[in-house]
Amino acid sequence: MLVFQHNNLKATEWVGIRRELASALKKVDDELAKSGNEDFIGRATKVQVVQTGIFASALKVVEFWDPNFDEESSNNRSASAHGLSKKAFRTAQNKKLQHGLEPLLSGPLAVLTIPAVSPQHLKAAISILAPSAPDFPAPKRKANPGYHEPAVQNGIQKLMLLGARVEGKVFDLEGVKWVGAIQGGLDGLRGQLVAMLQGAAAGITTTLEAASKSLYLTVEGRRGMLEEEEKGSSGSKSEA
C-alpha cells in the first residue's frame, strides 16, 4: 500500500491517471504471464482517495482489533463482533497503539493498494504516479503520448509519494524505491539470497580446509622436531 498526498485533483485528472496506471500495470501482467505467472496483480491494483480520519481509524481496527469470530459469536451475531462495534471503536481510539503510518496520515490522501508484493508492479506504478530518473523514468512521449496529456501531467504534479507499507512494515520514500528497484522481482531477490548463501557456504568450506591444512602442517612440524630431538639425545648417550 502506497500513501500519496494530493492537492485537490480534478475528476478529469483522476480519470487520466487511472487510465495510464491501468495500462502500465497491464503491460507488467502480460510480461509476467509469458513466464507462467498468471496472478494478474495489476488488475486488482487500485488508487483511491480516502478520508484521512476514517482511514486512520480503520487502520487501527484492522491492525489491532481481534473480533474472535468463533462459532458461538457468529451464530448469536454478537454486537461486539463487527468492525463498527464499541470494542472496535475503543481500539481505534487507543493512542498507545501505533501502526507506523501515523506521521503520514495528515492532509488529503490517496492510497494505491496492490494485493500482493510485486516489485515489478510497484516500479510500474511509481513510474506513472511519482516518476524519478534514472530508476523510475516516466514514459516517453513517443511511446506513450496519452501520459503527456495536460490533464494527466497536471494531476501527476499534484501527487506526492509519502511512503508505503509492505508486508506489515512501513517504508519511507527511499525504502519504497528500494523495493521497486529489486531486479527480477521476488524471484530475483530469492536468487540473490541463494547466491549469498552459496557464497557464504563456500567461504566457510574454504576456511575450514585452510584451518585443517594449517593444523596438519603444525602437527607434522612438531612431530619432526620431536623426532630430531629424540635422535640427538640417543646419539649423545651412545657416545658417552
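What follows is a chat about a predicted model of one protein.

Colleague: Start me off. How many helices and strands does the protein have?
Modeller: Eight helices and five strands. Remember that this is a predicted model.

Colleague: In what order do the elements run from the N terminus?
Modeller: The run is β-α-β-α-α-α-β-α-α-β-β-α-α.

Colleague: And in what order do the strands sit in the sheet?
Modeller: The order is β2-β3-β1-β4-β5. Five strands make up this sheet, which is open. The pairing is antiparallel.

Colleague: What holds paired strands together in general?
Modeller: Backbone hydrogen bonds do that, in parallel or antiparallel pairs.

Colleague: Back to this sheet. Which strands are at the edges?
Modeller: β2, residues 46-50, and β5, residues 169-171. Each of them pairs on one side only.

Colleague: By how much are neighbouring strands turned against each other?
Modeller: By 25° on average, with direction ignored.

Colleague: Now β1. How many bridges join β1 to β4?
Modeller: Five. β1 covers residues 2-6, and β4 covers residues 159-166. Within that pair, H6 stands opposite L159.

Colleague: What is the bridge partner of F4 in β4?
Modeller: L161. F4 has a partner in β3 as well, namely A110. β1 and β3 share four bridges and pair in the antiparallel sense.

Colleague: How many bridges link β2 and β3?
Modeller: Five, again in the antiparallel sense.

Colleague: What about α7, which strands does it lie across?
Modeller: Helix α7, residues 173-180, lies across β1, β4 and β5. α7 runs at about 70° to β4.

Colleague: Why is α5 called largely enclosed?
Modeller: Because nine of its 11 residues are buried. Helix α5 spans residues 119-129. Its buried residues include P119, H121, L122 and I126.

Colleague: Is β3 mostly covered or mostly uncovered?
Modeller: Mostly covered. Four of the five residues in β3 are buried. In β4, six of the eight residues are buried, so β4 is largely enclosed by the rest of the structure.

Colleague: Zoom out. What share of the whole protein counts as buried?
Modeller: 30% of the 240 residues. The protein exposes about 15700 Å². Carbon and sulfur atoms supply 57% of that area.

Colleague: Of contacts between residues at least 6 apart in sequence, what share join residues at least 24 apart?
Modeller: 75%.

Colleague: Last topic, rings. How many aromatic pairs are there?
Modeller: Zero in this structure.

Colleague: OK, then what sits over the ring of F40?
Modeller: The charged end of R43. Its distance from the ring centre is 4.2 Å.

Note on methods
Residues numbered from 1 in each chain as written. Predicted model: local features only at pLDDT ≥ 70, side-chain atom pairs only at ≥ 80, totals over all residues. Heavy atoms only, no water. Pairing = 2+ DSSP bridges. Helix = DSSP H or I, 4+ residues; strand = E, 2+ residues; numbered from the N terminus. Axes fitted to C-alpha atoms, helices over the stretch in contact; angles between N-to-C directions. Contact = heavy atoms within 4.5 Å. Buried < 20%, exposed > 50% of the residue type's maximum accessible area, 1.4 Å probe, protein only. Areas by Shrake-Rupley, 256 points an atom, 1.4 Å probe, with all protein chains shown as cover. Phe/Tyr/Trp six-rings, centres within 6.5 Å; stacked < 30°, edge-to-face > 60°. Lys NZ or Arg CZ within 6 Å of the ring centre and 35° of its normal.
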